[in-house]
Amino acid sequence: MADHLASDGTDPWPTIDLLHAWLDAGRAHGGREGVLLRVLKLSEEVGEVAQAVIGATGQNPRKGVSHTWDDVRSELCDVVITAMVALRTLAPDAREVFAAHLASVAGRSLGGPSAGTPSGGRSSGGPSTP
């Protein structure tokens, strides 16, 4: 999969576009249901992070230590990838949407030009902090 990354390996969006296209080509459900299922996939991935943390800390006495912190990191990466693909599903310009939102969150959190804007540069309602 590394050959699908930008030449410097730092830009994930070309690979996200390829994953999005691959998932669309093999999807069992289209339309609104397909979009909802793709977003719902995030919950599954977050659950796998929780399972890995519980396993890495040995919190389940029946299983003991069943995961490593490398497993937790891997599962967190899966959450990020799944979220990026879901965003790409909702926004063909996902790269720009994400960059603008990240700048807004950074501005609010770290101070800067967008720190004082009421909506943080967003056009819709709802929570805006990560």
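**A close look at the salt bridges**

Author: Let's start in helix 3 (residues 69-90), where Arg73 and Asp70 are three residues apart, which means that about one helical turn separates them. Their side chains meet in a salt bridge, with 2.2 Å from N to O. Arg73 is partly exposed there, at a relative accessible area of 47%. Bear in mind that this is a predicted model.

Now for some context. The protein has four helices and zero strands, so in sequence order you read α-α-α-α. Of its 130 residues, 22% count as buried. The accessible surface comes to about 8,700 Å², and carbon and sulfur atoms account for 62% of that. If you take the contacts between residues at least 6 apart in sequence, 45% of them join residues at least 24 apart.

How many salt bridges does the structure hold? The count is seven. As for the general idea, side chains of opposite charge can pair when their charged atoms come close.

Next, move to helix 2, where Glu45 and Lys41 both lie, four residues apart, or about one turn of the helix. Their side chains also meet in a salt bridge, at 3.3 Å from N to O. Are these two partners buried or exposed? Glu45 counts as buried because its relative accessibility is 7%, and the cut-off for buried is under 20%. Lys41 has a relative accessibility of 32%, so it counts as partly exposed.

Helix 2 also takes part in a pairing that reaches another helix. Which residue does Arg38 meet? Its side chain forms a salt bridge with that of Asp24, at 3.0 Å from N to O. This pair links distant parts of the chain: Arg38 is in helix 2 (residues 31-57), Asp24 is in helix 1 (residues 13-25), and they are 14 residues apart. Arg38 has a relative accessible area of 13%, so it is buried. Asp24, with a relative accessible area of 25%, is partly exposed.

Finally, back to Arg73 for a moment, which is partly exposed at 47%. Apart from that residue, there is a network to trace: salt bridges that share partners join Asp24, Arg27 and Arg38 into one network.

Definitions and conventions. Residues numbered from 1 in each chain as written. Predicted model: local features only at pLDDT ≥ 70, side-chain atom pairs only at ≥ 80, totals over all residues. Heavy atoms only, no water. Helix = DSSP H or I, 4+ residues; strand = E, 2+ residues; numbered from the N terminus. Buried < 20%, exposed > 50% of the residue type's maximum accessible area, 1.4 Å probe, protein only. Contact = heavy atoms within 4.5 Å. Areas by Shrake-Rupley, 256 points an atom, 1.4 Å probe, with all protein chains shown as cover. Salt bridge = Lys/Arg side-chain N within 4 Å of Asp/Glu carboxyl O.
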